[in-house]
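Please consult the sequence and the three-dimensional view while reading.

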Amino acid sequence: MFFKVRVNRNIILDNGKEKNINETYLTDALHFADAGYKIVQEIGTDAEVTDISLQKNLKPLVNEQTDENQKLFIVKIAEDILMEDGTYKTSKYVLPVFAEDSIKLQAIMKDFISQGLENMRLTTISETKWIYI
């Protein structure tokens, strides 16, 4: 399960001054406590976890992060399903994807959809500033 963890912490800038920042992390964990613990283990105990939320709509990662310059995008794909009564039902899937930019993201998603999901369409692309741990 994916959890979004918001953290407040102080960092030291290049000029030596201290600055308070807020960061958002996305992590795969077993439960809320595990998610918070995982983030604190990574960034240190001087950080304050201000919020942990289950991202129950997120499906598994489309790809792995291969470069620290890659951004985390949240992408929605949809499928229209013809029902027995002649109406259509739209099923949407929310996927986390790593890419350097939106152009490369389009190519990644085109390859992903071409793997047997041709009846699906890309509906939304959201670039995040989230950090994946």
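With which residue does Arg-9 form a salt bridge? The partner is Glu-23, and the closest N and O atoms of the pair are 2.7 Å apart. A salt bridge here is a side-chain nitrogen of Lys or Arg within 4 Å of a carboxyl oxygen of Asp or Glu.

This is a predicted model, in which local features need pLDDT of at least 70 and side-chain atom pairs count only at pLDDT 80 or more, while totals for chains, interfaces and linings use all residues. Residues are numbered from 1 along each chain as its sequence is written, and side-chain values use heavy atoms, with hydrogens and water left out.

**Salt bridges**

- Side chains of opposite charge can pair when their charged atoms come close.
- The count of salt bridges under this rule comes to four.
- Helices (H or I, at least four residues) and strands (E, at least two) are DSSP runs, numbered from the N terminus.
- Arg-9 and Glu-23 are both buried. Relative accessible area defines the classes: buried is under 20%, exposed is over 50%, and partly exposed is in between (1.4 Å probe, protein chains only).
- Asp-80 forms a salt bridge with Arg-121, with the closest N and O atoms 3.0 Å apart. Because Asp-80 lies in strand β4 (residues 71-82) and Arg-121 in strand β6 (residues 120-127), this pair ties together parts that are 41 residues apart in sequence.
- Asp-80 counts as partly exposed at 37% relative accessibility, and Arg-121 counts as partly exposed at 39%.
- Glu-100 and Lys-104 also meet through their side chains in a salt bridge (2.7 Å, N to O). Lys-104 is partly exposed, with a relative accessible area of 42%, and Glu-100 is partly exposed, with 33%.

**Helix α1**

- Helix α1 (residues 32-43) has 12 residues and should span 16 Å at 1.5 Å a residue; its end C-alpha atoms are 17 Å apart, which agrees. The expected span is 1.5 Å times one less than the number of residues in the helix.
- The buried residues of α1 include Ala-35, Gly-36, Ile-39, Val-40 and Ile-43. These residues cover an arc of only 125° around the axis, which puts them on the same side of α1. The arc is that of the directions from the helix axis to the C-beta atoms.
- Strands β1 (2-12), β2 (18-28) and β3 (48-54) are included in what covers the buried residues of α1.
- Exposed residues Ala-33, Tyr-37, Gln-41 and Glu-42 are carried on the face of α1 turned away from its buried side.
- Phe-32 is found in helix α1 and is partly exposed, with a relative accessible area of 42%. Phe-32 touches Phe-3, Ile-52, Ser-53 and Leu-54, not counting residues up to four places away in sequence; contact means heavy atoms within 4.5 Å.
- The C-alpha atoms of Phe-32 and Lys-17 are separated by 33 Å, the two residues being 15 residues apart along the chain.

**Nonpolar cores**

- The largest nonpolar core has 11 residues in all, among them Val-62, Phe-73, Leu-95, Leu-105 and Met-120. Such a core is a set of buried Ala, Val, Leu, Ile, Met, Phe, Trp, Tyr and Cys residues joined through side-chain atoms within 4.5 Å.
- The elements giving two or more residues to this core are β4, β5 (88-99) and α2 (102-113).
- Met-109 touches Val-62, Val-75, Ile-77, Leu-95, Val-97 and Leu-122, not counting residues up to four places away in sequence.
- Another core, of 10 residues, lies apart from the largest one, and Val-7, Ala-35, Ile-39 and Ile-43 are among its residues.

- Asn-8 is found in strand β1, and a polar contact of 2.8 Å joins its side chain to that of Asn-20. A polar contact is a pair of N or O atoms within 3.5 Å; within protein, one must be able to donate a hydrogen and the other to accept it, and residues adjacent in sequence count only if both atoms are side-chain atoms.
- Thr-27 is found in strand β2 and counts as buried at 0% relative accessibility.
- A polar atom of the Thr-27 side chain lies 2.6 Å from the backbone oxygen of Ile-133.
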